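Reader: I am new to protein models. Please show me how to read one, feature by feature.

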Amino acid sequence: MSGARENVFPTRQNLQLVKGRLKGAQTGHSLLKKKVDALKKRFRTITSKIDEAKRKMGRIMQLAAFSLAEVNYSAGDISYQVQEAVSQATFRVGTKQENVSGVVLPSFEVKRDKSDGNGDFNLTGLGRGGQQVQKCREIYAKAVETLVELASLQTAFVILDEVIAMTSRRVNALEHILIPKLENTVSYINSELDEMDREEFYRLKKVQGKKQRDAEEEEEKRKKQDAHESEQSEDMLQTKDPDIVF
């Protein structure tokens, strides 16, 4: 695109219009570049948080698996008791929005009701079975909270990835296509206007030179005519009329 330009007629009005578009494109490129930098910074932060959340999720799920095995050993299968004891949702997921450089990122947060069913399993099983059930419940609660956090980060990750790719394409289009094209158009119009000015100057110079030559020729003719008239006058004065004899 180094030699590409727009097909415009080289006039000063078009030059001002193209310069205005070029200024707008450069301003837009600068703003989009800053936006991409801000989004990439947030993207790197989210990536590191996702890595930490996944590692944390792995550790919690490992503890949850061991805790569930302990519950099954001490209290047996309590799945039917859990289903009967649940009357309402203990976990509720709420959403909120965060604006990052004009990009709206959804964020999920957990709202837990800890008052529901705390003592339902205190007397379950043998050998502190109720305590094992309560411990398992707390571990799985942490797992759910971590999972919601991971879902929130992953959603923001996907949205930012798409927005960064789209904005980067716009920045590249402005930087490598539109701005060079407008700059080439401005250079073309300037060169054509300079050429027209040189042609106009040359034409005026030729016209002025012709006028000057015409004036010199007219002056020369006038001088010759004056000299001829002067010679005729002198001849008439010097000529003697013949004597008249009466």
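**Reading the model**

Author: Start with one residue. Arg-222 is partly exposed, with a relative accessible area of 41%. Buried means under 20% relative accessible area, exposed over 50%, and partly exposed in between (1.4 Å probe, protein chains only). This is a predicted model: local features need pLDDT of at least 70, side-chain atom pairs count only at pLDDT 80 or more, and totals for chains, interfaces and linings use all residues. Residues are numbered from 1 along each chain as its sequence is written, and side-chain values use heavy atoms, with hydrogens and water left out.

Reader: Which residue meets Arg-222 in a salt bridge?

Author: First, the idea. A salt bridge is a side-chain nitrogen of Lys or Arg within 4 Å of a carboxyl oxygen of Asp or Glu. Here Arg-222 pairs with Glu-219, at 2.3 Å from N to O. They sit 3 residues apart in helix 3, so about one helical turn separates them. Glu-219 is partly exposed, at 32%.

Reader: How many salt bridges does the structure hold?

Author: It holds 8. Another one joins Asp-214 and Lys-210, at 3.2 Å from N to O. Both lie in helix 3, 4 residues apart. Then take Arg-12 and Asp-197: their closest N and O atoms are 3.3 Å apart. Arg-12 lies in helix 1 and Asp-197 in helix 3, so this pair ties together parts 185 residues apart in sequence.

Reader: In what order do the elements of the chain run?

Author: Helices (H or I, at least four residues) and strands (E, at least two) are DSSP runs, numbered from the N terminus. From the N terminus on, the order is α-α-β-β-α. That gives 3 helices and 2 strands.

Reader: How many bridges join strand 1 to strand 2?

Author: Two strands pair if DSSP finds at least two bridges between them. Here 10 bridges join strand 1 (residues 91–100) to strand 2 (residues 103–112), and the strands run antiparallel. Arg-92 has Lys-111 in strand 2 as its bridge partner. The hairpin has 2 residues between the strands, and Ser-101 takes a positive phi near 55 degrees.

Reader: What share of the residues counts as buried?

Author: Of the 246 residues of the chain, 24% count as buried.

Reader: What share of the contacts joins residues at least 24 apart?

Author: Contact means heavy atoms within 4.5 Å. Among contacts between residues at least 6 apart in sequence, 82% join residues at least 24 apart.
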